[in-house]
Amino acid sequence: MAQDADADLMLAFQRGDVSAFRALYERHARAMVAFCHRFVRDPARAEELAQDVFVKLHGFRDRYERSARFRTFLYRIASNHCLNELRRGEHAARALDCEPPRDLDALPGGGPTPEEVARGAALERAVARLLGALPEKQRAALVLCRFEGLSYEEIAGVLETSVSAVKSLVHRATVAAAAALAPQAAPSKEALP
Amino acid sequence: MSHPREDLTALLDGALAPERRAAVEGHLASCDACRAELEALRDAVAALAALPPPPEPSPFFGARLEARIAREAASPASLAWLHRLRWRLALAATGLAVAAAMAIFTVRQHRVAEEQIAANLDLLDDYEVVASVGDVSSAEDAEVVASLDELSPKEGRP
């Protein structure tokens, strides 16, 4: 297996090095909050869920084995936790909320025009509706692939399924995204030189 | 080659084996429909990539996480003990409830049997009287026993 610095940290934590656990959450907190936010569309709840993930990771200290990449292991905990959260249904309505973008200055391009702000908000709403409508495995596969940048092999490890199943999940979710985001994609395409 | 639609997303993601990739690209060179579908998928991937960035962790993320872990670590023994105790109490309560239900059922059955005997005591007496005279084996005999009270002494009551 390739060098996995995170797995080394987890093993150090297993031996009692508390600073190794701190290093792990410092390295992955941003990714976990972002990942959870894709599921619940609520920054405060996303942070809570990300904290839950690290509390679970802390609890896995004695049972962790270096049998898979640490990132796969962490995303598996996070995926299961977020999917359970969705099954509880508390965030189904929020997923379709028409909330404006949280940080308008953070829109691509910097110093966005009102038109770009409106387009970013419309895109966020469309993506929220898309994610809310996808079956849960497709949703997880799409988020892991498009937003987290995991390979098909890594996603297969996270979702505990085959690479060919992931290929199908990602394809179907991307086809659904093409249908759902076509109105958002068209104007931005026209704007290109 | 049929339309390799299932492979188009994997092609965009660079997830096809070299041979399969060559075959799909060969098909795309001569298929307008698949090229159009590939473009639509590419646009969707670009639109998703253009989303505003997700929120950052709050400045207190680490402090809150460590406080929570410390809080949970401080009480696992007592919590586990309470958890076990709660289960044991629940099991004991269930056992008691089952035992009580069985006892009530048995007492009730016994009482019903006693009440039935009491209600038919006269009949039993009559039966014994008739049985002392002779055999009571036919349905007619039983009918006579059941209506013995209605018979007058003249009609044959011993």
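**View 1. Cysteines of chain A in the predicted model.** The sulfur of Cys82(A) lies 3.6 Å from the closest cysteine sulfur, that of Cys36(A), which is too far for a bond, a disulfide being a pair of cysteine sulfur atoms within 2.5 Å. Cys82(A) is buried, with a relative accessible area of 1% (buried means under 20% relative accessible area, with a 1.4 Å probe and protein chains only). This is a predicted model, in which local features need pLDDT of at least 70 and side-chain atom pairs count only at pLDDT 80 or more, while totals for chains, interfaces and linings use all residues.

**View 2. Cysteines of chain B.** Cys34(B) is in no disulfide, and the nearest cysteine sulfur, belonging to Cys31(B), is 3.7 Å away.

**View 3. The interface of chain B and chain A.** The contact (heavy atoms within 4.5 Å) takes 42 residues from chain A and 33 residues from chain B. Residues are numbered from 1 along each chain as its sequence is written, chains are lettered from A in the order in which they are written, and side-chain values use heavy atoms, with hydrogens and water left out.

**View 4. A salt bridge across the interface.** Asp52(A) forms a salt bridge with Arg68(B), their closest N and O atoms being 2.8 Å apart; the term requires a side-chain nitrogen of Lys or Arg within 4 Å of a carboxyl oxygen of Asp or Glu. Across the interface of chain B and chain A, 6 salt bridges are found.

Notes. Buried < 20%, exposed > 50% of the residue type's maximum accessible area, 1.4 Å probe, protein only.
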